[in-house]
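Trainee: I have a model open and want to go through it. Can we take it piece by piece?
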Amino acid sequence: LAYESSDKSMAYADFKTKYLADAVAEVIAKQPIDVSIPYDATAKLAYESSDKSMAYADFKTKYLADAVAEVIAKQPIDDSIPYDAT
């Protein structure tokens, strides 16, 4: 069908070869690419922009602990719990 609807400016054998190569290239171009982000990407980025005064493993442990503490600190206080109840 593709050859029939073309302008037939080339022989069928040449058209078929080009058509199949174009089809394969289009399928390859549509293959999914990995855009996943590693779990410790933020720690790696922070370490790269730090003064590197400590080993990465130690930096990562401290960085993640600090990040968790910041998230916990930003959590709203639950007013439904009577903190002064005796």
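Mentor: One term to begin with: a polar contact is a pair of N or O atoms within 3.5 Å; within protein, one must be able to donate a hydrogen and the other to accept it, and residues adjacent in sequence count only if both atoms are side-chain atoms. The model is predicted, so local features need pLDDT of at least 70 and side-chain atom pairs count only at pLDDT 80 or more, while totals for chains, interfaces and linings use all residues. Residues are numbered from 1 along each chain as its sequence is written, and side-chain values use heavy atoms, with hydrogens and water left out.

Trainee: What does the side chain of aspartate 40 join in a polar contact?
Mentor: The side chain of tyrosine 56, at 3.1 Å.

Trainee: And where is aspartate 40 placed?
Mentor: In the loop between helix 1 (12-29) and helix 2 (41-48). Helices here are DSSP runs of H or I with at least four residues, numbered from the N terminus.

Trainee: Is aspartate 40 buried or exposed?
Mentor: Aspartate 40 counts as buried because its relative accessibility is 14%. The cut-offs are under 20% relative accessible area for buried, over 50% for exposed, and partly exposed in between, with a 1.4 Å probe and protein chains only.

Trainee: Which residues does aspartate 40 touch?
Mentor: Leaving out residues up to four places away in sequence, aspartate 40 touches Tyr56 and Lys60. Contact means heavy atoms within 4.5 Å.

Trainee: On to the helices. At what angle do the axes of helix 2 and helix 3 cross?
Mentor: Roughly 120°, and the axes come within 10 Å; helix 3 is residues 56-73. Axes are lines fitted to C-alpha atoms, for helices over the stretch in contact, and angles run from 0 to 180 degrees between N-to-C directions.

Trainee: Which residues make the contact?
Mentor: Thr42, Ala43, Lys44, Ala46 and Tyr47 come from helix 2, and Tyr56, Phe59, Lys60 and Tyr63 from helix 3. By class, the residues of that contact are 6 nonpolar, 1 polar and 2 charged. In that count Ala, Val, Leu, Ile, Met, Phe, Trp, Tyr, Cys and Pro are nonpolar, Asp, Glu, Lys and Arg are charged, and the others, Gly among them, are polar.

Trainee: Which residues of helix 2 are buried?
Mentor: Ala41, Ala43, Ala46 and Tyr47. The buried residues of helix 2 pack against helix 3.

Trainee: Changing topic: how many aromatic pairs are there in the whole structure?
Mentor: A search finds 6. In one of them, the rings of tyrosine 3 and phenylalanine 15 have centres 5.2 Å apart and planes at 65°, so the pair is edge-to-face. Rings of Phe, Tyr and Trp (its six-membered ring) pair if their centres lie within 6.5 Å; planes under 30 degrees apart are stacked, over 60 edge-to-face, and the rest tilted.

Trainee: Where do tyrosine 3 and phenylalanine 15 lie?
Mentor: Tyrosine 3 is in the segment before helix 1 and phenylalanine 15 is in helix 1, 12 residues apart. Both are buried. Ring pairs also link Tyr3, Tyr12, Phe15 and Tyr19 into a cluster.

Trainee: Now backbone angles. What is the phi of lysine 8?
Mentor: About 55°, positive although lysine 8 is not a glycine. Most residues other than glycine have a negative phi. Lysine 8 is in the segment before helix 1 and is partly exposed at 41% relative accessible area.

Trainee: What about lysine 52, where is that found?
Mentor: In the loop between helix 2 and helix 3. The phi of lysine 52 is also positive, near 55°, and lysine 52 is partly exposed, at 40%.

Trainee: Last one: what does aspartate 7 do with its side chain?
Mentor: A polar contact of 3.0 Å joins it to the side chain of serine 9. Aspartate 7 lies in the segment before helix 1 and is exposed, with a relative accessible area of 64%.

How values were computed
Helix = DSSP H or I, 4+ residues; strand = E, 2+ residues; numbered from the N terminus.
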